[in-house]
Amino acid sequence: MRRFLPLVILLGFFIELAVIIAVGRRIGVLATLMLIVGGGIAGGAVIRSAGLGLAGAMRSGNMRFTTEAAAAGFLYILAGFLLIVPGFISDGLGLVLLPARVRLWLARKLMDKIRPARWQQNAYPGNVIEGEAIEIENQSVNRPDSARDG
């Protein structure tokens with residue numbers, strides 16, 4: 001797949017360009033340019049909103065950060081980047097990713113695909129070993145003979 005990725009990106013670029021030309025012929029060059037610039041401005045606003053939301057959650061101190069929340073946040077920023085990229089197909093994909101329900105649903109689906117089965121369930125309930133640790137800087141510790149033999 002890595003070998004074909006540049007070809008897929010190039011093909012996507014040409015498809016976006018063809019759609020922009022077709023839309024430009026249909027509604028006019030000025031209207032097409034306004035839509036492309038408007039999409040870029042909207043994408044910048046989405047990315048700024050994502051950054052401000054994260055900063056506000058960090059300042060409040062009650063931020064609950066799970067892997068699904070991280071994936072949904074990534075998808076929100078991805079939506080902003082897709083809106084910034086000139087083209088109507090990428091704008092359409094960005095608009096699809098904007099609703100929170102869609103992002104959360106897609107984040108759950110993505111996490112189910114990449115999360116190993118042992119992460120989804122608590123495979124070792126009750127196997128907790130409690131202990132204490134004492135950190136001593138620049139000192140040697142003399143252990144009893146029984147600890148050295150073990």
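Which residues in H1 meet which residues in H4? Some notes on that and the rest of the model follow.

1. First, a caveat: this is a predicted model.

2. On the H1 side you have Ile-15, Glu-16, Val-19, Ile-20 and Val-23, and they meet Phe-88, Ile-89 and Ser-90 in H4. Sorted by class, that contact has six nonpolar residues, one polar and one charged.

3. As for the geometry, two packed helices are described by the angle between their axes and the distance between the axes. Here the axes of H1 (residues 5-27) and H4 (residues 88-97) come within 8 Å and cross at roughly 100°. Since angles of 65 to 115 degrees count as roughly perpendicular, H1 is roughly perpendicular to H4.

4. Now the largest nonpolar core: it has five residues, namely Ala-71, Ala-72, Leu-75, Ala-107 and Met-111. Helices H3 (67-84) and H5 (100-114) are the elements that give two or more residues to this core, and H3 has the largest share with three.

5. Take Ala-72 from that core. Leaving aside neighbours within four places in sequence, Ala-72 touches Arg-103, Leu-104 and Ala-107.

6. Whole-chain numbers: 17% of the 150 residues count as buried. The accessible surface is about 12400 Å², with 64% of it belonging to carbon and sulfur atoms. Among contacts between residues at least 6 apart in sequence, 66% join residues at least 24 apart.

Key
Residues are numbered from 1 along each chain as its sequence is written. This is a predicted model: local features need pLDDT of at least 70, side-chain atom pairs count only at pLDDT 80 or more; totals for chains, interfaces and linings use all residues. Side-chain values use heavy atoms; hydrogens and water are left out. A nonpolar core is a set of buried Ala, Val, Leu, Ile, Met, Phe, Trp, Tyr and Cys residues joined through side-chain atoms within 4.5 Å. Buried means under 20% relative accessible area, exposed over 50%, partly exposed in between (1.4 Å probe, protein chains only). Helices (H or I, at least four residues) and strands (E, at least two) are DSSP runs, numbered from the N terminus. Contact means heavy atoms within 4.5 Å. Accessible areas come from the Shrake-Rupley method with a 1.4 Å probe; for residues, only the protein chains shown count as cover. Axes are lines fitted to C-alpha atoms, for helices over the stretch in contact, and angles run from 0 to 180 degrees between N-to-C directions. Angles under 35 degrees count as roughly parallel, over 145 as roughly antiparallel, 65 to 115 as roughly perpendicular and the rest as oblique. Ala, Val, Leu, Ile, Met, Phe, Trp, Tyr, Cys and Pro count as nonpolar, Asp, Glu, Lys and Arg as charged, and the others, Gly among them, as polar.
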